[in-house]
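Subject: Structure for your review

Dear colleague,

I am passing on the structure below, and I would be glad if you could look through it. My notes on what was found follow directly after it.

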Amino acid sequence: MDRRREIPRTDAVLSDTRLRAAAERLGRGPVKDAIRAAQARARAGELDPEGVADAAVAALPATAGGLRPVLNATGVVLHTNLGRAALSPAAVDAIIAASGNTDVELDLETGRRARRGRTALATLAGAVPAAGGVHVVNNGAAALVLAATALAAGREIIVSRGEMVEIGDGFRLPDLLESTGARLREVGTTNRTSAKDYAAAVGPQTGFILKVHPSNFVVRGFTSAAGIPALTGLGVPVVADIGSGLLAPDPLLPDEPDAASTLRAGAGLVIASGDKLLGGPQAGLLLGDAGLVERLRRHPLARALRVDKLTLAALQATLAGPVTPTWRALRYDPAELRERTVRLASRLPMAEVVASVAVVGGGGAPELELPSWSLSIPPAYAVVLRLADPPIVGRVERGRLLLDLRCVPPSADDLILGAIVAAGDRPCT
Ligand SMILES: *Cc1c(COP(=O)(O)O)cnc(C)c1O
């Protein structure tokens, strides 16, 4: 007799107490999806009809968020495809605490409306005393769009041909800036631009001079660029997009500009990131001259780029709190990394421990090599580990799968070991 006739109907499976509880937690949609997938497997003969409910339970997502937590074993600290910065526990707690109703825009003492996100803004201002004003928007690109719209729509932005960068996924800063109605006035050449080039372009149409840190590439050889101090006397604001969220100089990252030094050099406005190098939530930080920041803050577009209370809470916790996972990963002691890797390799006959190089990622400090160690296993494991629970993402290099534990919490080492062991000696079959 055809066992496929015995496959239980969705409503019948949904009466399973475990799935009823899951539907309360996750909503009915994801639970029905899991049931339908299990029914399909039963129809294909991969599963006994009695096993449908169990299979659906096993396939349920861990959370209702739709995004799966992943172990980042790539050795790329700020991996764009993996959501860049991993938040600190303090930031996670802050997000949970802010997730209900909060005083985000209410002064509890007076009962009046208050400046949105004032705690995070005050902490940011305190972290960069050279800034007369601060404002926060959704991301770095939003900060650029706001500055271009409020200060240069219908007018010109002067920018060096050496700083017309593509930031990733086909998005280019020149296109982004022109989408605001500002015109780009390109000066200099790809490799050399002088202060005179900028001075010659300044005129009544100038909105501002834009300096962009070429975060994700380096030009070498016969090159020169005008520094900010050489551009501050031209009678127009200098806006500096530093790319990352480095607020003060960091000896580990000598080639990365920071917000405080850039302001002291004379920039009227600095655009920085909430997550790149700062290790917080994705956000665009605008710091600088109080008058300029106020113009941005009062522009109608500011309302469309307004940050959510969850971002503000996480940003505050990141700025005020203990060191972030990003900070830790950038400074991870290679000896400790090697020790953890050797322990895993000692349990895996096909694994080797190899010296490797980790990088900052997220379009930052492209030349910085972080000495690291990796577990090297056959590349056939890449797919099985990506499909493990939780998914483990490494990188394939010279025909091997490398797993760099730098960004993996030590408590997850055994999960990785277990997933490799479970995949067996021949993970493809
Ligand atoms: C990353 C980056 C941006 C965009 O920032 P997002 O937060 O990703 O929107 C803009 N400019 C530079 C120089 C960058 O490196």
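**The five-stranded sheet**

An open sheet of mixed pairing is formed by 5 strands in the order β2-β12-β13-β16-β15, where two strands pair if DSSP finds at least two bridges between them. Its edge strands, each pairing on one side only, are β2 (76–78) and β15 (395–397). On average, neighbouring strands of this sheet are turned by 45 degrees against each other, direction ignored. Strands, taken as DSSP runs of E with at least two residues, and helices, taken as runs of H or I with at least four residues, are numbered from the N terminus.

Please keep in mind that this is a predicted model, in which local features need pLDDT of at least 70 and side-chain atom pairs count only at pLDDT 80 or more, whereas totals for chains, interfaces and linings use all residues. Residues are numbered from 1 along each chain as its sequence is written, and side-chain values use heavy atoms, with hydrogens and water left out.

Within this sheet, β2 and strand β12 (residues 352–361) pair in the parallel sense over 2 bridges, and the bridge partner of L78 in β12 is G361. Helix α15 (residues 334–345) packs on the sheet and touches β12, β13 (370–377) and β16 (400–404), its direction making about 5 degrees with that of β13; contact here means heavy atoms within 4.5 Å. For all such angles, axes are lines fitted to C-alpha atoms, for helices over the stretch in contact, and the values run from 0 to 180 degrees between N-to-C directions.

Strand β4 (residues 156–160) pairs with β7 in the parallel sense over 5 bridges, with V159 standing opposite E186 in β7.

Strand β9 runs parallel to β8, to which 4 bridges join it, and I209 stands opposite V238 in β9. With β10, strand β9 is again parallel, joined by 3 bridges, and D241 stands opposite I271 in β10. Both faces of β9 are covered, since V238 and A240 on one side and V239 and D241 on the other are all buried, buried being under 20% relative accessible area, exposed over 50% and partly exposed in between, with a 1.4 Å probe and protein chains only.

The axes of helix α7 (residues 140–152) and helix α11 (residues 290–298) come within 9 Å and cross at roughly 100 degrees, which makes α7 roughly perpendicular to α11; angles under 35 degrees count as roughly parallel, over 145 as roughly antiparallel, 65 to 115 as roughly perpendicular and the rest as oblique. In this contact, L146, A147, A150 and L151 of α7 meet L292, R295 and L296 of α11.

Leaving out residues up to four places away in sequence, K276 touches L78, R84, G243, S244, G245, L246 and G362.

**Backbone details**

Most residues other than glycine have a negative phi, and most peptide bonds are trans. R84, in the loop between β2 and α5 (89–98), has a positive phi of about 55 degrees although it is not a glycine. R398, in the loop between β15 and β16, likewise is not a glycine and has a positive phi of about 45 degrees; R398 is exposed, with a relative accessible area of 79%. The peptide bond from D389 to P390 is cis, with omega near 0 degrees, and P390 is found in the loop between α16 (381–386) and β14 (392–393).

With kind regards
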